[in-house]
Amino acid sequence: MYKLREVQRGNYDDRGYSNEETIAHLMLTKPAEINSTLTYTYGMDDDRFPLTFLTEGQGSAGVVNIDTVDWTWKTMGRMKFNDQVLACAATGNVGQGGAMFDVEFKTHWFIEQYGLIAPDGITQVRIMKDLGEGPNGGYLYRLRLTTPNPNAYVSADNLKVGAYWSLTAPTIPQSYSKGNRSNVMGPGKMTSQLEFHRYSKEIAGNISNTVVTYEFKTKGGGTTNLWINEEMRQFDIQCRIMDEERLWFAQYNKTVNGEITLVDPDNGQPIPHTAGMEEICRESNYDTYGEELTLNKIERTVGDVLDKDTDTGSMEVILCAGKGFMQDFDRAIRNDARSEGFVTPLGDKMIETSGDGLSYGKYFRQYKTVDGHVITMKHLPLLDKGTFAENAKSNGMIHPRTGLPITSHQAFLIDMSTYDGRRNVRKVRQKGQIYNAGVYKGLTPIPASWGGFPTNVLSTDVDASRYEVKNSYGLQVDKTTKMFQLKCVL
């Protein structure tokens, strides 16, 4: 039976230890500047902070600093040509024999005299009359089938609530026709808000002067036996992991009336939450797949998002995905290749010579669509091992084939392009609250790595001291039309 052995400890002697270059000390001298530098450094060596690295880690181009908590910006979405069914009172063989019928659509986008194509892609009607506002908050239109077949009718599936109908050109008689109207799109106004984080590192007793027999690696290849250095490194990494996950999964919490109902019980102040990347992608384009992802699903999802922007041409599409989705992506292409008879050459590629033996394993990480779009996978580890993934594991939300948490089986398309000289995705921070660090001094000695402190000045009568960090976070995405989330839902 093994017994635990205590790590040998001793007191700190500053001879042989260099603490003036530690993270905590530097953060107290130039917190915002050093934080951005560390973000870039961590991002170069570690893929756990992709959004932070691609925004804040790129310097001033990847951030925008504001004076307020809320901010708004104008954005132009893709040109709209369709609308959803809100209600239809007609029943039976609707429209049969040339009978006109009324359908209420969600908005007033459709125009009298224009044509419509039903969701089945076959049924076509003409808008005979714009009847104005409908009883359910939408707009009512009188329609008629265009086919001369007297037995044709509109199926119930085409008229169910939420079904999309698309607009086609207006058709008129050769003479005595009257004019109609046209639609124009203006920029929409979007709004978001910052959220604020505060992290505290409390120490007590003589921990700041404790050394251990185990040597911890330091930046630059050195080592140290001073425990507080390792403890502060872990503290900094944990803060960054938490901040990165908030950038992905935070949910906007202001009501339509402009209220924040989440308040701090200590002081009654509202606690704002920003909109994370998942919420931004989900509101733009969101789709799901079952236990098995197919190549057709990938093509249709990407095609639906990209092909409606007629000015883009072929694009390089980066899918930030968990390990589970990457396996699903590989299987989807492999299954399609197998069905097309590419088994033998694919098998040859799988086996290679490795040293004195053989190596088996090659995996698809890229696919080119018929439209010329290139889809490339990029691993997003927080979907496999982050706090949401650990929670999914603990609750038994495991994919039956891979054994990975269900959160691992999802992907995000993030448009990190630059438009008109400005990055599409930027991190938003509040001036004066970008990254603040400070020390709350008690009787416990302040470590040299915290930058020193007058020994005869106390802020609390408790035998403890705290290192405090506060920052502000938010995301601004100018164009969301080419962003989506694709998620496995069993």
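How many salt bridges does the count come to? The count comes to 17 salt bridges, where a salt bridge is a side-chain nitrogen of Lys or Arg within 4 Å of a carboxyl oxygen of Asp or Glu. The model shown in these views is predicted, so that local features need pLDDT of at least 70 and side-chain atom pairs count only at pLDDT 80 or more, while totals for chains, interfaces and linings use all residues. Residues are numbered from 1 along each chain as its sequence is written, and side-chain values use heavy atoms, with hydrogens and water left out.

**View 1. The salt bridge between Arg429 and Glu56.** The closest N and O atoms of Arg429 and Glu56 are 3.2 Å apart. Because Arg429 lies in strand β23 (residues 425-430) and Glu56 in the loop between α3 (50-54) and β2 (63-66), the pair ties together parts that are 373 residues apart in sequence; helices (H or I, at least four residues) and strands (E, at least two) are DSSP runs, numbered from the N terminus. Both Arg429 and Glu56 are buried, a term that stands for under 20% relative accessible area, with exposed over 50% and partly exposed in between (1.4 Å probe, protein chains only).

**View 2. The salt bridge between Asp102 and Arg142.** Here the closest N and O atoms are 2.8 Å apart, and the pair links distant parts of the chain, with Asp102 in strand β5 and Arg142 in strand β8 (residues 139-145), 40 residues apart. Asp102 counts as partly exposed at 25% relative accessibility, and Arg142 counts as partly exposed at 31%.

**View 3. Glu292 and Arg331 within a network of salt bridges.** The side chains of Glu292 and Arg331 meet in a salt bridge of 3.1 Å, N to O. Glu292 lies in the loop between β14 (286-289) and α6, whereas Arg331 lies in helix α7 (residues 323-339), so the pair ties together parts that are 39 residues apart in sequence. Glu292 is partly exposed, with a relative accessible area of 35%, and Arg331 counts as partly exposed at 31% relative accessibility. Salt bridges that share partners join Glu292, Asp328, Arg331 and Arg401 into one network.

**View 4. An open sheet of 3 strands.** The strands have the order β11-β25-β24, with antiparallel pairing, where two strands pair if DSSP finds at least two bridges between them. Strands β11 (195-204) and β24 (435-440) stand at the edges, each with a single partner strand, so one side of each is left without a neighbour in the sheet. Between β24 and strand β25 (residues 464-473), which run antiparallel, there are 6 bridges, and the bridge partner of Tyr440 in β25 is Arg466.

**View 5. The buried residues of helices α5 and α6.** In helix α5 (residues 277-284), the buried residues are Met277, Glu278, Ile280 and Cys281. Seen down the axis of α5, these residues fall within an arc of 165°, so they line one face of the helix; the arc is that of the directions from the helix axis to the C-beta atoms. In α6, the buried residues include Leu295, Ile298 and Thr301.

View 6. The structure holds 0 disulfides, a disulfide being a pair of cysteine sulfur atoms within 2.5 Å.
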